[in-house]
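Let us read a new structure together. Have the model open as you go.

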Amino acid sequence: MPPQNSSAAAANPAPANPAPAISARGLRKSFGANAVLDGIDLTVPAGTILALLGPNGAGKTTAVHLLTTYLRPDAGDIRITGHDPAKNPQAVRRAIGVTGQFSAVDGYLTGRENLMLMADLHLLPPAVGRRRVEDLLARFELTEAADKTAATYSGGMKRKLDLAMTLVGDPKVIFLDEPTTGLDPRSRRVMWGIIRGLAAEGRTILLTTQYLEEADQLAHRVAVLDGGRIVAEGTPAELKKRIPGGHIELTFADRTELDAAASVLASIGRDDDTLTLQLAGDGRIGTLRTLLRQLDDASVEVEALAVHTPDLDDVFFALTGQKGA
Ligand SMILES: Nc1ncnc2c1ncn2[C@@H]1O[C@H](COP(=O)(O)OP(=O)(O)OP(=O)(O)O)[C@@H](O)[C@H]1O
């Protein structure tokens, strides 16, 4: 898949030199003998999206709980929009919105009632609350379904309602714990559009994900969490640079063709079971044209050609030795 983050970043460029909205230094948290976070540092400039990427059980949710006053760290320093959660948890709670893996949506209430309940919890004056709720219903394309009980909503609609509920309080900093887990590809894309829109409004977003493509698509920066530590941090493009380049894979119909191709091409890998050859190079037309001409000259038939560009999956594998989601 071509790297698409460049387009996301171009549509939603990070502001120059903003003050960090989220910063954490030396965060540690253990549950009994289980050291889940072993000294992590995170900085998220205002108006940007950081993806905290890690496999199941890496400690992503624990990190979100520490940053959102839900849990206290064993050690470390946190500032959220300049406030210290240990000293001023109320100020932190006023600045943030959190959408967790467990939905806050009440299935017995309608979409509008769920949102109005949040407006009441935030003590918004009734007229302000009603306006904000109607704006959010419209923005999330839930107006038509607003009077149906949330239990009748699809997974994607519930997730949108959950995020809309988080936005009733107009938070400047938003934590999204695995915002698209379990959604179908279309709903996932809708959610990506919404998340990009929130950052374009100047909100700061920390999202956790097991999806490498999600981090690539959305995040200005990615922090890879593994074994209680941040094992890599950078833009998606920077992380991609840290792994071997792309390659071209040719598949042949039989062993004779494979042997013939191997004798004329400088391959970097060969698999006799799948009848494939790997060649260094990217998908540039000139490279492919030369390659096909060489095969033509040697009268070798190619059954299939695939161009592999490195993605975050490869980064994850290179950094942690594990396959991603
Ligand atoms: N309250 C708790 N008490 C004891 N152990 C906990 C608690 N919360 C989390 N853990 C443990 O901490 C580790 C990290 O869990 P966490 O939920 O933070 O990971 P995660 O990266 O969010 O994983 P997932 O993607 O599965 O949600 C796990 O081994 C988990 O069992």
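The dialogue below goes from the overall fold to the ligand and then to one residue.

Q: What kind of model is this, and how are residues numbered?
A: This is a predicted model: local features need pLDDT of at least 70, side-chain atom pairs count only at pLDDT 80 or more, and totals for chains, interfaces and linings use all residues. Numbering starts from 1 along each chain as its sequence is written.

Q: How many helices and strands are there in the protein?
A: Both are DSSP runs, numbered from the N terminus: helices are H or I with at least four residues, strands are E with at least two. Here the protein has twelve helices and 13 strands. Its C-alpha trace spans about 80 × 50 × 40 Å along the principal axes.

Q: Which residues are around the ligand?
A: A residue is near a molecule if its C-beta atom, placed from the backbone, lies within 6 Å of it. The residues around the ligand include Phe31, Asn34, Lys60, Thr61 and Gln210. Helix H2 (60–67) and strand E2 (34–45) each supply at least two residues of this shell. The largest share, three residues, is from H2.

Q: Is Ile195 buried or exposed?
A: Count the other C-beta atoms, placed from the backbone, within 10 Å of a residue's own: 20 or more is buried, 12 or fewer is exposed, and in between is partly exposed. Ile195 is buried because 24 C-beta neighbours lie inside 10 Å. This residue is in helix H7 (residues 185–200).

Q: What does Ile195 touch?
A: Contact requires C-beta atoms, placed from the backbone, within 7 Å. Leaving out residues up to four places away in sequence, Ile195 touches Leu176, Pro179, Ile205 and Leu218.

Note on methods: Contact = placed C-beta atoms within 7 Å.
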